[in-house]
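I opened my notebook to look at how two parts of one protein sit against each other. Here is what I looked up, entry by entry.

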Amino acid sequence: MSETVLSIRDLKVEFDVPSGRLPAVNGVSLDLRAGELLALVGESGSGKSALTMGLTGLNRGPRTHISGTADYRGTDLVAASRKQLQTIRGADIAVVFQDALAALNPVQRVGKQVAEMIRQHQKISRADALTKAQTLLGDVGIPNPQQSARAYPHQLSGGMRQRVMIAIALANDPGVLIADEPTTALDVTIQAQVLALLKRMQAEHGSAIVLITHDLGVVAEVADRIAVMYAGRIVEVGTRDEVLNSPQHPYTIGLLNSMPRIDGPRPRRLAAIKGSPLSGVKRPDGCAFAARCEFVHDACAERPELAQRTAEPDHLDACFLPAEAKSAALRAGAA
């Protein structure tokens, strides 16, 4: 088993809102292993971005409350000072944001922005940093990197801007790369190119990648492991094959059953998970998914913890439902 580079324990991220304190992340425990691609999936509002931004301190503020621990190779990111996080961000943990046009500085050439990240964490001259930046732009597949380095963000296509973001993120060979919905605004051809680039960079740089997405097609293509989030909690985690082929939580089963299939009869309409995700400050004492679950029973009045309930030691879920009932539910949805 690979080394654990990031160990999260009971992480909570809460925001002060007019109605009270919103538990965006509600006690998450998760390990990230060196060199793996972990896909973090779930509906909008499930806490995926709040979790990862909490690790890097990008959502800290007077109305934000973060607790728990997040150990990155001996440093607790939750307890770290702003100065410590500034040293870690970009060098050890880097982020590829969803909207590259908003994330990049519109009045600076892209080559200078890559070089700035290099000089932030390395003792290197301005000229050498720019040369290295051009090399990085070429490595991520941008044509004519010397010429492209002089372009402003608005002069590049969406796919090229996302490649610039990846070059910035990889500038200092980080141990962890967080990719927050990096392909959402791109067409399917460019999506495939960006995903292939992330996998290649993962192999060449050895970085562990956290890929935030709601696209299960993307997950099936690139993930090594999958963590499913609902209402601020991890409800299932396992290898790609374990989660996609033998899902154990009704929420995961619902997500998979809502995807159209090409290997079976064409349904008249796609299956949908009833109800809406939790959005208020109040959360139930028991299972957060109970109100939307068609298999709810008496035991769901208590909150199920993430635990091993199958023969696979790394396949964990937070559901009291027997495994036989889960398998039947998956078969029924696929029929």
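Entry one, the domains. I found 30 Å between the centres of domain 1 and domain 2, taken over C-alpha atoms. Domain 1 covers 4–223 and domain 2 covers 246–334, with bounds from an automatic or database domain assignment. For contact (heavy atoms within 4.5 Å), I noted 13 residues from domain 1 and 13 residues from domain 2.

A note on the source: this is a predicted model, where local features need pLDDT of at least 70 and side-chain atom pairs count only at pLDDT 80 or more, while totals for chains, interfaces and linings use all residues. Residues are numbered from 1 along each chain as its sequence is written, and side-chain values use heavy atoms, with hydrogens and water left out.

Entry two, the area. I looked up the buried area, the accessible area (1.4 Å probe) that two parts lose on being put together, summed over both. Domain 1 and domain 2 bury about 960 Å² between them, and 55% of it is on carbon and sulfur atoms. On the domain 1 side, P23, E43 and L216 lose the most area to domain 2, together 48% of what that side buries.

Entry three, the salt bridges. I used the rule of a Lys or Arg side-chain nitrogen within 4 Å of a carboxyl oxygen of Asp or Glu. It gives two salt bridges across the interface of domain 1 and domain 2. I also saw that R292 and E43 meet in a salt bridge through their side chains, at 3.0 Å from N to O.
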